[in-house]
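Me: I'd like to learn how to read a fold step by step. Could you walk me through one?

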Amino acid sequence: MIEDLSKKYENGDGIQDINLVVNSGEILTLLGPSGCGKSTLLRSIGGFERVTTGRILIAEKDVTKQPPEKRSTIMVFQGYNLWERMTVFENLEFGLKLRKVSKSERKQRIMEMLTMLGIEAMAAEYPQQLSGGQQQRVAIGRALVLRPEILLLDEPYSALDAKIRVQMREELKKIQRRLQITIIFVTHDQEEAMMLSTRIAVMKKGEIVQVGTPSEIYNDPKDIYVASFIGEMNFVTADTDRVAAFRPEDAHITSAQEAGENTYHGTVQQSTQMGHYSQLMVKLEEQTIVLFAEKDAFENYPEGTDIFFEVKKMQNFIKGVEK
Ligand SMILES: Nc1ncnc2c1ncn2[C@@H]1O[C@H](COP(=O)(O)OP(=O)(O)OP(=O)(O)O)[C@@H](O)[C@H]1O
């Protein structure tokens with residue numbers, strides 16, 4: 001649990017007014033653009049920052065002033081920081097030795113962990129002999145073998161290519177379920193957050209703006225900032241203090257004859273087949289919006305075509321709160 005936490009660097013940057021309850025056994029993602037304070041919050045939880053105000057409690061114990069090694073958290077940093085001169089086995093063994101775990105138990109725990117991560121055959125190899133994905137597994141294994149209550153991951157997949165990232169996320173979810181561990185995960189990638197999280201905390205300029213399940217955040221964003229950060233959102237009509245918005249999938253193409261109350265009319269500016277669907281960029285009077293349509297729709301609506309579409313679910317936001 002985090003209470004009224006702030007961390008101010010000397011230059012005035014940092015995080016403030018952070019209140020957050022992390023539930024045991026969940027994957028909570030801190031999501032936001034670069035510089036919004038995700039890593040600062042994660043490092044504070046892990047004990048790597050001296051916080052300015054507020055408290056951090058883990059299982060009701062106040063750990064705010066405790067060093068990292070006294071906390072039941074383990075942090076995996078972005079660059080993994082594997083020890084290059086140690087084998088994979090030794091990388092995992094180091095922390096166990098410090099904790100005075102017996103040799104036989106060390107071996108058993110390490111081999112169990114490597115097997116769970118599918119890298120048991122690499123136990124005797126050195127980090128630089130491994131692929132990026134394998135190194136990432138070693139870093140996670142090195143943390144998990146110490147059996148933390150909370151695993152802290154700072155953009156762990158940012159160095160991996162798209163396909164491996166997806167695979168790693170699935171693996172992480174499986175491991176998390178199996179070990180029933182709590183994970184706090186930092187990312188700026190909204191798709192990654194949607195895929196992985198039990199809940200997402202969306203951050204902006206050092207503060208948390210909304211916390212909720214992926215579907216709560218997606219279906220009921222609190223303000224324009226959250227709405228535009230997660231998924232596609234079209235902002236259409238605006239009166240002096242409100243903006244109306246809809247997701248591309250909440251609109252469907254119709255015709256002039258069928259036009260009803262929530263029907264809009266525009267001109268197709270760009271028509272693209274995206275794979276299993278078509279994407280149409282449509283110019284309205286003032287804005288350009290995005291529509292999704294069935295796979296072959298791009299052929300029926302080439303650039304320059306007049307198009308009518310009906311919006312099924314419109315959301316309203318107060319203007320200016322995104323600033
Ligand atoms: N050690 C530091 N000293 C001074 N300012 C810092 C320090 N670390 C971070 N900051 C500043 O604090 C703010 C939050 O940084 P932080 O790294 O937590 O953001 P982030 O959301 O994790 O972004 P990124 O994904 O780029 O790491 C930024 O404005 C950053 O420049």
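Me: Over residues 1-230, what share of the chain is helix and what share is strand?

Reply: Happy to start there! This is a predicted model, where local features need pLDDT of at least 70, side-chain atom pairs count only at pLDDT 80 or more, and totals for chains, interfaces and linings use all residues. Residues are numbered from 1 along each chain as its sequence is written. Helices (H or I, at least four residues) and strands (E, at least two) are DSSP runs, numbered from the N terminus. Over residues 1-230 the chain is 37% helix and 23% strand.

Me: What is the strand order in the open sheet of six strands?

Reply: In general, strands of a sheet pair through backbone hydrogen bonds, either parallel or antiparallel. Two strands count as paired if DSSP finds at least two bridges between them. Here the order is β6-β7-β8-β3-β9-β10, with mixed pairing. β6 (73-76) and β10 (207-212) are the edge strands, each with a single partner, so one side of each lacks a neighbour in the sheet.

Me: In which sense do β6 and β7 pair?

Reply: β6 and β7 (residues 150-154) run parallel, over four bridges; Met 75 has Leu 152 of β7 as its bridge partner.

Me: Which residues is Ile 184 in contact with, leaving aside neighbours within four places in sequence?

Reply: Contact means that C-beta atoms, placed from the backbone, lie within 7 Å. For Ile 184, the partners are Val 22, Leu 28, Leu 30, Leu 42, Ile 45, Ile 150 and Leu 152.

Note on methods:
Contact = placed C-beta atoms within 7 Å.
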